[in-house]
Amino acid sequence: MIHSLNTQPENFDAIVAGTKTYDVQLNDRAFTVGDTLQFREWLNDAYTGRQTWREITAVDAASPDAPLSNKYILIGFAELSSPPALSALRRAATASFHAI
């Protein structure tokens, strides 16, 4: 499954550079190890045209005692070994986008 995520420029640059390998996300969909993340750079409420792809390597829920534990998860990710297939990209283009 592909998850499209809108990303601010400072986070996008860190993801591309490889210095940001995790993200805290609202737990509003079924993030699973092996899924693909499509990070899309957004600036001033508009898509800049830059995107990058990563594979989910870890999904960790917060401790049950933590505040808002059921609303957020920590996602670890790494570079993809190969780009996603065209059919998967078409499906992702119709998916809803979430800002981070």
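In this briefing, two residues are in contact when they have heavy atoms within 4.5 Å of each other. Welcome to this structure, which is a predicted model.

**The nonpolar core**

- Ten residues make up the largest nonpolar core: Leu5, Phe12, Ile15, Phe31, Leu37, Phe39, Ile56, Ile73, Ile75 and Phe77.
- Two or more of these residues come from each of helix 1 (9–17), strand 3 (36–43) and strand 5.
- Strand 5 supplies the largest share of this core, with three residues.
- As general background, nonpolar side chains in soluble globular proteins tend to be buried together.

**A closer look at isoleucine 56**

- Isoleucine 56 is one of the residues of this core.
- Beyond its neighbours within four places in sequence, isoleucine 56 is in contact with His3, Phe31, Thr32, Val33, Gly34, Asp35, Leu37, Ile75, Gly76 and Phe77.

**The nonpolar patch on the surface**

- On the surface, Tyr22, Val24, Leu26, Tyr72 and Leu74 form a nonpolar patch, and together they have about 450 Å² of accessible area.
- Strand 2 (22–26) and strand 5 (72–79) are the elements that give two or more residues to this patch.
- The most comes from strand 2, which gives three residues.
- Valine 24, one of the patch residues, has its place in strand 2.

**Serine 82**

- Serine 82 lies in the loop between strand 5 and helix 2 (86–93).
- Serine 82 counts as partly exposed because its relative accessibility is 45%, and partly exposed covers values between under 20% (buried) and over 50% (exposed).
- Glutamate 55 is 27 residues from serine 82 in sequence, and their C-alpha atoms are 10.0 Å apart in space.

Notes:
Residues are numbered from 1 along each chain as its sequence is written. This is a predicted model: local features need pLDDT of at least 70, side-chain atom pairs count only at pLDDT 80 or more; totals for chains, interfaces and linings use all residues. Side-chain values use heavy atoms; hydrogens and water are left out. Patches are made of residues with over 30% relative accessible area and no salt bridge: like charges are joined within 9 Å, nonpolar side chains (Val, Leu, Ile, Met, Phe, Trp, Tyr) within 5 Å. Accessible areas come from the Shrake-Rupley method with a 1.4 Å probe; for residues, only the protein chains shown count as cover. A salt bridge is a side-chain nitrogen of Lys or Arg within 4 Å of a carboxyl oxygen of Asp or Glu. Helices (H or I, at least four residues) and strands (E, at least two) are DSSP runs, numbered from the N terminus. A nonpolar core is a set of buried Ala, Val, Leu, Ile, Met, Phe, Trp, Tyr and Cys residues joined through side-chain atoms within 4.5 Å. Buried means under 20% relative accessible area, exposed over 50%, partly exposed in between (1.4 Å probe, protein chains only).
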